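Subject: Structure handover

Hello,

Please find the structure below, followed by notes on what was found in it.

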Amino acid sequence: MDPVRVAVVGAGVMGLSTALCISELVPGCSITVISDKFTPETTSDVAAGILIPHVYPDTPIHKQKQWFRETFDHLSAIANSAEAGEAAVHLVSGWQVFQSIPTEQVPFWADVVLGFRTMTEAELKKFPHHVFGQAFTTLKCEGSAYLPWLEKRVKERGGMILTRRIEDLWELHPSFDIVVNCSGLGSRQLAGDLEIFPVRGQLLKVQAPWVKHFIRDGSGLTYIYPGASNVTLGGSRQKGDWNLSPDAEISRDILSRCCALEPSLHGAWDIKETVGLRPYRAGVRLQKELLARDGRRLPVVHHYGHGSGGFSMHWGTALEATRLLKEYVQALRAPAPKSKM
Ligand SMILES: Cc1cc2nc3c(=O)[nH]c(=O)nc-3n(C[C@H](O)[C@H](O)[C@H](O)COP(=O)(O)OP(=O)(O)OC[C@H]3O[C@@H](n4cnc5c(N)ncnc54)[C@H](O)[C@@H]3O)c2cc1C
């Protein structure tokens, strides 16, 4: 039987993890990842990569919890393996602190992360401006190492990589049987989806090797995430802003907010600024769409719109995109009259 030719558009964390997932779970496919940009030039390379979910208002919570658990379990296995260093996936413990008591003291993901508990009075003494806190251990996954690691796995499993900008998904017909659209913000054009828009985020990567715990303000705006080679300080959120150049005023503000949480950061050095555009949507789009034009058909699986929480959910949503693709593959292989496509 000829292999089913699958094109995955996009080489951020969604494109590469979906390509890997398909190669592991759907036999008989030839996979090509097609993208105009690869690591280190994607939004996914900029991300802080901490596993703490952001709520998608249009997605049921049980679904978000399932995606988060699948991602957490998958990355835990990597963190527990000999691959942990190369993939830059590791456990990190710390605190999320609040200036007022939050309405939701136990978030939906509390029993997925490890050792979730309310902080003690003694622990809160470190944060004199905060009245409540949560202590837990989660994972951090560094895009700049994790993406090359994923790309290597995709190639080892026979996947091909192609640098190309796609203007219209129909360009992929008839060279490919199925297209998986993981183009993030590119879906504004490729899928004509005006519900997706950028939320600009600026970060600092600094040297401060004494910082071992993560600290996150409950608003999610200010955070300190120690990683394998540097500490990420954040952040900013600017809705609808496409500007990829760092803004010196925002950098000063980030540093000052982070120093207020962790005064030892006054001694940080080698400060580098980065900017990324979060592909924001009220809910992740995970959906089959059978495009039709002039009597031709092009099966598409959309997998994009992860906003601020793509790393936290990527393996769970990649598994779901793979299930949708499998339905197309089964239909393609079914005898013609029974084909449901
Ligand atoms: C500052 C910042 C901090 C973040 N921190 C975290 C965090 O701590 N935890 C977390 O879970 N998430 C975090 N995120 C969110 C996370 O980075 C995103 O949700 C995730 O990276 C989205 O991945 P993606 O693969 O969908 O998009 P991208 O990484 O943007 O990939 C899209 C791909 O599609 C390609 N493409 C687009 N259009 C076309 C086209 N027309 N033709 C060909 N190729 C195309 C692009 O070149 C790219 O390769 C953060 C984001 C930012 C900006």
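An oxygen atom of the ligand sits 2.9 Å from a polar backbone atom of Phe311, a polar contact being a pair of N or O atoms within 3.5 Å, where within protein one must be able to donate a hydrogen and the other to accept it, and residues adjacent in sequence count only if both atoms are side-chain atoms. Ala11 also has a polar backbone atom 3.0 Å from a ligand oxygen, and a ligand nitrogen is 2.9 Å from a polar backbone atom of Ser308. On its own the ligand has 1000 Å² of accessible area, and the protein covers 95% of that (Shrake-Rupley method, 1.4 Å probe; for residues, only the protein chains shown count as cover).

This is a predicted model, in which local features need pLDDT of at least 70 and side-chain atom pairs count only at pLDDT 80 or more, while totals for chains, interfaces and linings use all residues. Residues are numbered from 1 along each chain as its sequence is written, and side-chain values use heavy atoms, with hydrogens and water left out.

The ligand is surrounded by 36 residues, the closest being Asp36, Ser44, Ile166, Gly307 and Ser312 (near means a heavy atom within 4 Å). By class, this shell has 13 nonpolar, 18 polar and five charged residues (nonpolar: Ala, Val, Leu, Ile, Met, Phe, Trp, Tyr, Cys and Pro; charged: Asp, Glu, Lys and Arg; polar: the others, Gly among them). Elements that each supply at least two shell residues include helix 1 (13–25), helix 2 (43–46) and helix 9 (310–333); helices (H or I, at least four residues) and strands (E, at least two) are DSSP runs numbered from the N terminus. Strand 13 gives the most, with four residues.

The second largest pocket holds about 240 Å³ of space. A pocket here is an open set of points on a 1 Å grid over the protein atoms alone, where a 1.4 Å probe fits, with protein on both sides within 12 Å along at least five of seven lines; lining residues have an atom within 4 Å of a point. Grid points are joined across faces, edges and corners, and the volume is the space filled by probe spheres set on them. Its lining has 15 residues, with Gln96, Phe98, Glu104, Pro107 and Trp109 nearest the centre.

The whole structure has 23 salt bridges (a side-chain nitrogen of Lys or Arg within 4 Å of a carboxyl oxygen of Asp or Glu). In one of them, Arg5 pairs with Asp177, with the closest N and O atoms 2.8 Å apart. Arg5 is in strand 1 and Asp177 in the loop between strand 6 and strand 7, so the pair ties together parts 172 residues apart in sequence.

Some backbone points remain. The peptide bond from His173 to Pro174 is cis, with omega near 10°, and Pro174 lies in the loop between strand 6 and strand 7. The Thr39 to Pro40 bond is cis, with omega near 10°.

Regards
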